[in-house]
Amino acid sequence: MAALNMTAPKGILRVGRDVMIIILIAVALGEVSLRIYNSIDPLPIFYSESYNRFRGKPFAPDWNFRLNSRGFKDVERSKRKAAGTIRILGIGDSFAYGVVPYEYNYLTLVEQYLKQSGHNIELINMGIPSTGPREYLSLLVNEGFALEPDRVLLSFFIGNDFEEGRRRKLISYSYVASLITYVVERWTKFEGQSFFKGNQTFTYEDDNRPTFTDDAYLELELKRSTMFWRDNRAFEGDFATALSYISEIKRLCDSRNIGLTIVLIPDEMQVSKPLQRRVTAASGLARAWLIFPQPPASFDFTLPNRLLHTRFEELNIGYIDLITEFSAHSLNERLYRPNDSHWNIAGNALAARLILPHLSAQLGPVDK
């Protein structure tokens, strides 16, 4: 009987050891397989420092449109600029890329309006989702300048373009863990379609379908809201990092006699009073301390914009800040897709109307 009692724990240990070995082998094989596959056909769910991580695939469908041969959400453009043409590069993240169809995108509309007013112009959309100032600079240097632009229209999203200095997440070092995290988040946090629509072929019909669940979207905005705290020392570093890339873009454009205009795109919580109230209330809950290392000071939802205004004026950078008009229009009209933080069709249309007079003034009168 004593012998049986001794062998039972040993048997359990052997089974546990064998199970652990099998799990480790499976994880190792999965890790190797995913890395091999990703080297052949890169997927955006796996970490990469390249701005091409979230770039579309050439000719991939996007609603009722197909990306061009370079993977941008735009019509086909020649590398060489035609004589007499004014060429503007539209650089930015998923706002420039657009969650709405191509014909409703604010960059498409601005080009259309400028052409209708008589300007011989090309506004080339080079937006790539999930990029930021570092990637804007790389894209401009590696591909943008070769297109002989006369002006760069850079869209800076207040919501996440200050996140360049954040540390890489530990989970991103494992392809298996990255895949599992992606699947879980897609299952638990998303209600509708995300902005990454590489295989969609259907018609855009619902401009009011939410992307995230209510809880997931509030969590996203809550994390972003730290930039609006007064006396937030951590944000000062993020601000300096983002500005360093913008300053270099300005220097390079000046050296080539290329104009630079920056469009400041507000986060939804900056212009929506109901969302501000939700974020402010949630920041005071006990569960928020799991997100914030310290209780938030009072919120100042225009703080990043004012700081950028000051630095842009010092650097002689032209800018268009959309926050005032978007705040006013948000009182009576929805400008962002529900639980998404990206503009809907109405938001894109308003942005185009606000950008148009600034660009028209910079381009000057039309030659008759």
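The legends below describe close-up views of a predicted model.

**View 1. Overview of the predicted protein.** The protein holds 12 helices and 7 strands. Its residues number 368, and 47% of them count as buried. Among contacts with a separation of 6 or more, 76% are between residues 24 or more positions apart.

**View 2. The open sheet of 5 strands.** The strand order is β4-β3-β5-β6-β7, and the pairing is parallel. Strands β4 (121–125) and β7 (318–321) stand at the edges; each has a single partner strand, so one side of each is left without a neighbour in the sheet. From one strand to the next the twist averages 20°. Helix α12 (residues 345–363) lies across β3 (86–91), β4, β5, β6 and β7. The angle between helix α12 and β5 is about 155°.

View 3. Strands of a sheet pair through backbone hydrogen bonds, in either the parallel or the antiparallel sense. Here β5 (residues 151–157) and β6 (residues 259–265) are parallel and pair over 7 bridges. Leu154 stands opposite Ile262 of β6, and Phe157 stands opposite Ile265 of β6. Strands β3 and β5 also run parallel, joined by 4 bridges. Gly90 stands opposite Leu153 in β5.

**View 4. Side chains of strand β5.** Which residues of β5 point one way, and which the other? Arg151, Leu153, Ser155 and Phe157 point one way, while Val152, Leu154 and Phe156 point the other way. Residues of both groups are buried. With 7 of its 7 residues buried, β5 is largely enclosed by the rest of the structure.

View 5. Glu122 lies in strand β4. Is Glu122 buried or exposed? Glu122 counts as buried, at 17% relative accessibility, because the cut-off for buried is under 20%. Apart from neighbours within four places in sequence, the contacts of Glu122 are Arg77, Thr85, Ile86, Arg87, Ile88 and Glu111.

**View 6. The salt bridge between Asp267 and Arg224.** Side chains of opposite charge can pair when their charged atoms come close. In the model the count of salt bridges comes to 19. One of them joins Asp267 to Arg224, with the closest N and O atoms 2.8 Å apart. Asp267 lies in the loop between β6 and α8 (268–271) and Arg224 lies in helix α6 (residues 214–224), so the pair ties together parts that are 43 residues apart in sequence. Both Asp267 and Arg224 are buried.

View 7. The side chains of Lys250 and Asp254 meet in a salt bridge with an N to O distance of 3.2 Å. What separates Lys250 from Asp254 along the helix? They are 4 residues apart in helix α7 (residues 233–255), which means a separation of about one helical turn. Lys250 counts as buried at 13% relative accessibility, whereas Asp254 counts as partly exposed at 46%.

View 8. Arg337 and Asp340 form a salt bridge whose closest N and O atoms are 3.7 Å apart. Arg337 is buried, at 6% relative accessibility, and Asp340 is buried too, with a relative accessible area of 5%.

**View 9. Two residues with positive phi.** Trp63, a residue other than glycine, has a positive phi near 55°. Trp63 is found in the loop between β1 (61–62) and β2 (65–66), and is buried with a relative accessible area of 8%. Ser130 is not a glycine either, and its phi is positive at about 60°. Ser130 sits in the loop between β4 and α4 (133–144). With a relative accessible area of 40%, Ser130 is partly exposed.

**View 10. A nonpolar surface patch.** Val15, Val19, Met20, Ile23, Leu24 and Val27 make a nonpolar surface patch of about 530 Å². Val27 lies in helix α1 (residues 2–40). The relative accessible area of Val27 is 38%, so Val27 is partly exposed.

Note on methods: Residues numbered from 1 in each chain as written. Predicted model: local features only at pLDDT ≥ 70, side-chain atom pairs only at ≥ 80, totals over all residues. Heavy atoms only, no water. Patch = residues over 30% accessible without salt bridge, like charges linked within 9 Å, V, L, I, M, F, W, Y side chains within 5 Å. Areas by Shrake-Rupley, 256 points an atom, 1.4 Å probe, with all protein chains shown as cover. Salt bridge = Lys/Arg side-chain N within 4 Å of Asp/Glu carboxyl O. Buried < 20%, exposed > 50% of the residue type's maximum accessible area, 1.4 Å probe, protein only. Pairing = 2+ DSSP bridges. Axes fitted to C-alpha atoms, helices over the stretch in contact; angles between N-to-C directions. Contact = heavy atoms within 4.5 Å.
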